[in-house]
Amino acid sequence: SSGYYVLLIDGKDVLYRKGDSFDPMGQEKLRSAVKQVILTSGSTNAKATLVGFSLGGGGVLQWGVSQSDIISRAVVFYPVVSRPGQDMREFATNTQVPVLVFAAVRDKYMNCCLVQTMRQLGEEAKKANRPIEIVELPEADHGFNLVGASYRGADADTAWENMLKFMRR
């Protein structure tokens, strides 16, 4: 254990469509979950750090990083950012907390988490002077840090070490 109290976001709970866009009820669900974590007796902070993988990462970017009153920072692994209705300029300009993004360069899974889109997010963040850091893992694929066919121990270790450094800042 590294001593952090973190909320892992499941995208199925917060990122779902309503017509051509995402249902804003997802934001309320995320906010409610964060408030429950903050109020839990094990928590020592007034704000939470969010971590999301894939769809969960998309939910963090869509709804979490603009809520600086209850969120201190966010880490997303191969986030869903390449879907219709997702605007990298909007993500960047709405970001109010430091964000660390792990981009798996070889990720083509359902075309949801394309490195090109994450690069665009990084460019938009730079233009808007927002604290979004993109870490590209050149040999990594979707799920590189999860046990399975795409697992890459070296990339998983690199991401873990970078995440801990980011959390200590």
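Biologist: Before we discuss the fold, what counts as a helix or a strand here?
Modeller: Helices and strands are DSSP runs, of at least four residues for helices and at least two for strands, and they are numbered from the N terminus. Please note that this is a predicted model.

Biologist: Understood. In what order do the elements run from the N terminus on?
Modeller: The order is β-α-β-β-α-β-α-β-α-β-α-β-α. That pattern holds six helices and seven strands.

Biologist: How does the radius of gyration of the chain stand against the globule rule?
Modeller: The radius of gyration is 15 Å, close to the 15 Å that the globule rule gives for 169 residues, so the chain is as compact as a globular protein of that length. The C-alpha trace spans about 40 × 40 × 30 Å along its principal axes.

Biologist: And how much of the chain is buried?
Modeller: Buried residues account for 47% of the 169 residues.

Biologist: Turning to contacts, what share joins residues at least 24 apart in sequence?
Modeller: Among contacts between residues at least 6 apart in sequence, the share is 71%.

Biologist: Let us take one residue, then. Where does phenylalanine 53 lie, and what is it in contact with?
Modeller: Phenylalanine 53 lies in strand 4, which covers residues 48–53. Leaving aside neighbours within four places in sequence, its contacts are Leu8, Phe77, Tyr78 and Asn145. Phenylalanine 53 and methionine 163 are 110 residues apart in sequence, and their C-alpha atoms are 13 Å apart in space.

Biologist: Why does phenylalanine 53 count as partly exposed?
Modeller: Its relative accessibility is 25%. Buried would require under 20% and exposed over 50%, so a value in between is called partly exposed.

Biologist: And aspartate 155, is that buried or exposed?
Modeller: Aspartate 155 is buried, because its relative accessible area is 9%. The residue sits in helix 6, residues 153–168. Not counting residues up to four places away in sequence, aspartate 155 touches Leu137, Glu139, Ala140 and Phe144.

Biologist: Moving on to helix 5, how far does it reach from its first C-alpha to its last?
Modeller: Helix 5 reaches 20 Å with its 14 residues, close to the 20 Å expected at 1.5 Å a residue.

Biologist: Which of its residues are buried, and what covers them?
Modeller: The buried residues of helix 5 are Val115, Thr117, Met118, Leu121, Gly122, Glu124 and Ala125. Their cover includes helix 3 (55–64), helix 4 (88–94), strand 6 and strand 7 (132–137).

Biologist: What follows helix 5?
Modeller: Asparagine 129 follows helix 5, and its phi is positive, near 55°.

Biologist: How accessible are methionine 110 and asparagine 111?
Modeller: Methionine 110 is exposed, with a relative accessible area of 53%. Asparagine 111, at 44% relative accessibility, counts as partly exposed.

Definitions and conventions. Residues are numbered from 1 along each chain as its sequence is written. This is a predicted model: local features need pLDDT of at least 70, side-chain atom pairs count only at pLDDT 80 or more; totals for chains, interfaces and linings use all residues. Side-chain values use heavy atoms; hydrogens and water are left out. Buried means under 20% relative accessible area, exposed over 50%, partly exposed in between (1.4 Å probe, protein chains only). Contact means heavy atoms within 4.5 Å. The radius of gyration is taken over C-alpha atoms; the globule rule is 2.2 Å times the number of residues to the power 0.38. The expected span of a helix is 1.5 Å times one less than its number of residues.
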